[in-house]
Amino acid sequence: MAKYLVETYYTCTFKVNHYLDDINETELKNLEKRDDGKFEVLDVKLDNRKTKSLDPNNNKVIENKKVDLVSETNQTTPQNKENIIASLNKSSERGGRRFGMPDRRKGYIQKATIGDHKVYLHTGEYEDGKIGEIFIDTSKEGELVKALMNNFAIAVSLGLQYGVPLDEYISAFVGTKFEPSGKVHGNDRILSASSILDYIFRELAISYQNREDLAHTPSIGGNDANSVDEQRI
């Protein structure tokens, strides 16, 4: 598993294109509220870089502030800037498009027990190893709760296929509190959870984002895990 998280900050200059049927004061005032604009990145500048240890016992943060090295990097590697701009513009073009799952896909099934409730998490992956869908099965729940969990999983899967980053779901649902909660059995990385959603997105964060800070135990078989993660990256 990865030991460090490197965060790189960029300053971007971009433009947003809106196509309007009419030009008037009301339309112009509402442009910033609209989400149907297509942006195009014009320039990217490396601004800052932070390195964080994923070891929960080591909170040291190494921060590279704005220094002359930034300008040197921009001058010596113009290809990097072009690649970043192309990647961002490609992401913009993807907006509003759904990338469906392949007919035959890989993934895994994780069984765990929260309290006395069994939870089965199924994942589906794209050919590059990125997650594209989830299914959640529970026991000892009524038909209403099961239906809600199934439809919640469908909603998350659709979001992933439309380009919503997994990080957004992790930030939103890790730490949510409702029953069932308590000790987790059957997962060697997560020992307790404050809810089913807290457990689900901790598991996904550890498996697909190398979020060791959300795990309760260290990784077992580091070399094998690292090779799997490198294939997914």
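## Report on a predicted protein chain

Of the 233 residues in the protein chain, 31% are buried (under 20% relative accessible area with a 1.4 Å probe, protein chains only). The model is predicted, with local features needing pLDDT of at least 70 and side-chain atom pairs pLDDT 80 or more, while totals for chains, interfaces and linings use all residues. Residues are numbered from 1 along each chain as its sequence is written, and side-chain values use heavy atoms, leaving out hydrogens and water.

The chain contains 7 helices and 8 strands, which are DSSP runs (helices H or I, at least four residues; strands E, at least two) numbered from the N terminus.

The largest nonpolar core has 30 residues. Such a core is a set of buried Ala, Val, Leu, Ile, Met, Phe, Trp, Tyr and Cys residues joined through side-chain atoms within 4.5 Å. Ile134, Ile136, Tyr199, Ile200, Phe201 and Leu204 have the most contacts inside it.

Leaving aside neighbours within four places in sequence, isoleucine 136 is in contact (heavy atoms within 4.5 Å) with residues including Val119, Met149, Phe152 and Ile200.

Asparagine 151 lies in helix α4, residues 143-161. The side chain of asparagine 151 reaches the backbone oxygen of alanine 147 at 2.7 Å. Asparagine 151 is also 16 residues from phenylalanine 135 in sequence, with a C-alpha to C-alpha distance of 9.1 Å.

Conventions: Buried means under 20% relative accessible area, exposed over 50%, partly exposed in between (1.4 Å probe, protein chains only). A polar contact is a pair of N or O atoms within 3.5 Å; within protein, one must be able to donate a hydrogen and the other to accept it, and residues adjacent in sequence count only if both atoms are side-chain atoms.
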